[in-house]
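Let's take a friendly walk through how two chains can meet. Have the structure open beside you as you read.

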Number of protein chains: 2
Amino acid sequence: VTLAVSAGPCRYPKLQYSRAFVNLVLVGFGNVARAFVRLLDDRARCPEVLDPPQARVVGIATARHGCIVGPDGIDAEAAAALIEAGERLHALQPAGIATPRDTLDTIARAAALDRRVPLVMIETTRLDVRDGEPAATHVRAALTAGAHVITANKGPIACAWPALRDLAARHRRHLLFEGVVMDGIPVFNLVRETLPALTVTRLRGIVNTTTNFLIAALEEGRSFDDALEEMQARGIAESDATLDVDGWDAAAKAAALANVLMDAGITPMMVDRTGVGGLTAGDARAARDAGGRLKLLMEVRREGGRVLARVSPQRLTAADVLATANGTMNALTISTDRLGDITVVQHGGSLVETAYALLSDLVTLRRRIVRDSESA
Amino acid sequence: VTLAVSAGPCRYPKLQYSRAFVNLVLVGFGNVARAFVRLLDDRARCPEVLDPPQARVVGIATARHGCIVGPDGIDAEAAAALIEAGERLHALQPAGIATPRDTLDTIARAAALDRRVPLVMIETTRLDVRDGEPAATHVRAALTAGAHVITANKGPIACAWPALRDLAARHRRHLLFEGVVMDGIPVFNLVRETLPALTVTRLRGIVNTTTNFLIAALEEGRSFDDALEEMQARGIAESDATLDVDGWDAAAKAAALANVLMDAGITPMMVDRTGVGGLTAGDARAARDAGGRLKLLMEVRREGGRVLARVSPQRLTAADVLATANGTMNALTISTDRLGDITVVQHGGSLVETAYALLSDLVTLRRRIVRDSESA
């Protein structure tokens, strides 16, 4: 996967040093992380955009292509090219500096490089959303080593939020994860930065693209398997389709949203979950014939002091904004006690949008680091 | 209009003093401003909500009920009760302190009270959206006197944005106006706080509730005049209906959005504007029969280095998220160069939502004042 955002090659060492300069350790270097470094480089060279972040990659950890650290910066574009050619990364390991043993060693070595420059772990490994591993272990290791953390992985937030939040606070580090729901479309930042002094009372959303696409295919009379194969080929469906089809992905997002926005303290296992596996073209068409749409709906609500979360196929009326979330669109309705309902709609999902989530978190993190240093 | 948000009476002097304490001068004390002081008091007494702002009203200026200043705080609830009883405010003017002559004198007197406590003008007067007056004059006077400004008035931002932005910067004061479009739903804060490092390329929206409601009434076969009267009785339509019907309100919002988010430097007069006056029930029904919806659409786009804005009735397809914005709903689609399209939907508008816009700006302002004092 190549991303056509940049005219020239990516050369981090050319970027200007400033107080906001950060070192990055990339844990996971798949499609999303590679799109991120290319987007970062593209943005850093556009003076007309706000807040170009200035960052240097000093470590990359992968499960299948090896791990490297480079105190003076790693050429991320060259690393991406090696991965895309199916090669290992070791050719880029600077001479005289030992190759890291594994992911945790890469994090530790990156953290030991230069304590004056903030280190940020960009965590994008594949994970099991049911237990949040190995991402949660990476997040704990990074925070404990003194790194800030940006992750697009829902697992840690869905499965271990209160503990990770407290760990970050104890080490005075930031943990950001805008990409967990609806890619770079603001959800967590929306509530935290722009909706002060109110309480979130309910959440309803279409947050899993694969099932959304599958149901739309059913409406058109196409087969489940055909549609699923197309999504996997386009890189939108997870490689393990059961995570989407059985509702685990949506359940993990429900748990993450419930934990962060409604202080629920739940895990994906505690979400009342029904997948789309049992649905037929007849079900989808019956909903449409009745003037509505069938959707895999995520719902989180308070009931008697508890926060309850559910993922299940539901028939939505045509007047429901969520019913217009077709194809690769996602949508989330946030109910509040003072501002009524707000719906945020993502019109299309792709690698660039997920990569933008990481970039947006990096800019937010830079603002916070500057603020922290000013108030210190 | 009374707002049932608070169990007890509003007593500002009881609030705790802190570094973030601000003085407020309320310029305009109509339904929105009165809902705001009640919401502020309600939120300030709820420890479970984030960021309860702590503020004290030290001046109120009205066109028909007189003006007052009170260095030790004015009982805003008592002032609201006087207004609602049709009385003048002078009974609340503290003994030994001269009654202000007019609005500008009220602002000047409030600014002279105590320079150690930040002063914020809350500007909610009625205005002419075509020239932005008298609100723009109030904003200039307040910034020049050293006050921060929060306004729900689109006029100044639509008609005089570059000059006011520069004036605020010169005096190192903040000018916030989230309520100008879609009440308290984040639009300006959304882009500024949560969408860094990208460029807004296009805006499309349904931003005028009255015309939205009028077209819906046409679809139902109701008369234009009936529907308009209902909106005015509910306080949603402006008292001068031509501002809505002829598209001036939407044009002012288009200019405000274009100026702030796309640096257009335009005024409402420069918006290509067609109102809903010429529409018939037949037009509305024809759109519906064709599977779409007729809407007064606001559009802003770049073309050849210029930013063009248009307000006109348009037929939207059923698949367009904006087509689901019915009744008192508003919606705005923001197109960007890196994150595709984002739509934000407001599900209902009321006084409380407009008042929340002022509250949300006050919390944002408090965060900025704290940040300014830390970096000084």
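Start where the chains join: strand β12 (residues 341-346) of chain B runs antiparallel to β12(A), and 5 bridges link the two. Within this pairing, T343(A) sits opposite V345(B) in β12(B). Two strands count as paired if DSSP finds at least two bridges between them. Helices (H or I, at least four residues) and strands (E, at least two) are DSSP runs, numbered from the N terminus.

A word on the source: this is a predicted model, in which local features need pLDDT of at least 70 and side-chain atom pairs count only at pLDDT 80 or more, while totals for chains, interfaces and linings use all residues. Residues are numbered from 1 along each chain as its sequence is written, chains are lettered from A and ligands numbered from 1 in the order in which they are written, and side-chain values use heavy atoms, with hydrogens and water left out.

Inside chain B, β7 (residues 200-206) and β9 (residues 292-303) run antiparallel, joined by 4 bridges. Here L203(B) faces V300(B) in β9(B). Contact means heavy atoms within 4.5 Å; axes are lines fitted to C-alpha atoms, for helices over the stretch in contact, and angles run from 0 to 180 degrees between N-to-C directions.

How much do the chains share? The table gives some values.

| Feature of the A–B interface | Value |
|---|---|
| Residues in contact, chain A | 47 residues |
| Residues in contact, chain B | 47 residues |
| Buried area | about 4,000 Å² |
| Share from carbon and sulfur atoms | 60% |

Buried area is the accessible area (1.4 Å probe) that two parts lose on being put together, summed over both. In chain A, the residues losing the most area to chain B are A197(A), R338(A) and Y356(A), together 18% of what that side buries.

Across the interface, the rule finds 0 salt bridges (a side-chain nitrogen of Lys or Arg within 4 Å of a carboxyl oxygen of Asp or Glu). On the side of chain A that touches chain B, α12(A) gives the largest share, 10 residues.
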